[in-house]
Amino acid sequence: QAAAMAQAALKKVQGGEEVQISLADAGNREVSQFLKLSNIVDPAEVFRMGDEIQDIQMDMKEMFMQYGNLVDIRMVMPGLETMGAETGSVFMEFEEKSAAEKSVKEIRGRKYDNRITRLAFIKQELYQEFKNHS
């Protein structure tokens with residue numbers, strides 16, 4: 001998304017229009033039942049993690065299910081780094097938006113394995129595209 005925004009801005013700049021770019025605008029500010037959790041592992045380490053990946057997914061499931069029913073949870077594996085999601089990010093779907101909203105309020109910025117987590121709502125289309133390719 002960031003690359004697409006930069007490319008569009010460059011075209012406008014070359015055409016003489018001034019453009020302000022904000023990468024914060026690339027994210028979804030609308031509450032949804034779909035979340036992306038990142039900065040929980042070093043993306044370079046995912047290649048060597050093996051069974052640890054399942055342990056991390058279970059940790060995430062336990063951490064987030066206290067806020068509501070989780071429909072699905074999956075980690076971005078090497079080769080699936082698309083849509084602005086780096087390897088090691090975790091995508092999840094809650095049954096209800098309110099549960100996702102509660103979890104964002106409670107977990108955003110919390111540490112996991114000495115790393116400060118980043119948590120954002122994502123659009124259903126983005127989640128479905130990732131789910132279809134994983």
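## Strands that pair

Two strands count as paired if DSSP finds at least two bridges between them. In this predicted model, S2 and S3 pass that mark with five bridges, running in the antiparallel sense. S1 and S3 are antiparallel partners as well, joined over four bridges.

So who meets whom in S3? Take Glu-93: this S3 residue is the bridge partner of Phe-34, and Glu-93 is also the bridge partner of Asp-72.

## Inside strand S3

Have a look at how S3 sits in the structure. Five of its five residues are buried, so S3 is largely enclosed by the rest of the structure.

Which residues of S3 point which way? Val-90, Met-92 and Phe-94 go one way, while Phe-91 and Glu-93 go the other, and all of them are buried. As a rule, side chains in a regular strand alternate between the two faces of the sheet.

Now over to helix H4, which covers residues 124–133. Its buried residues are Leu-126, Tyr-127 and Phe-130. Looking down the axis of H4, you find these buried residues within an arc of 100 degrees, so they line one face of the helix.

What do the buried residues of H4 pack against? They pack against three strands: S1 (34–38), S2 (70–75) and S3 (90–94).

Technical notes
Residues numbered from 1 in each chain as written. Predicted model: local features only at pLDDT ≥ 70, side-chain atom pairs only at ≥ 80, totals over all residues. Heavy atoms only, no water. Buried < 20%, exposed > 50% of the residue type's maximum accessible area, 1.4 Å probe, protein only. Helix = DSSP H or I, 4+ residues; strand = E, 2+ residues; numbered from the N terminus. Arc of directions from axis to C-beta. Contact = heavy atoms within 4.5 Å.
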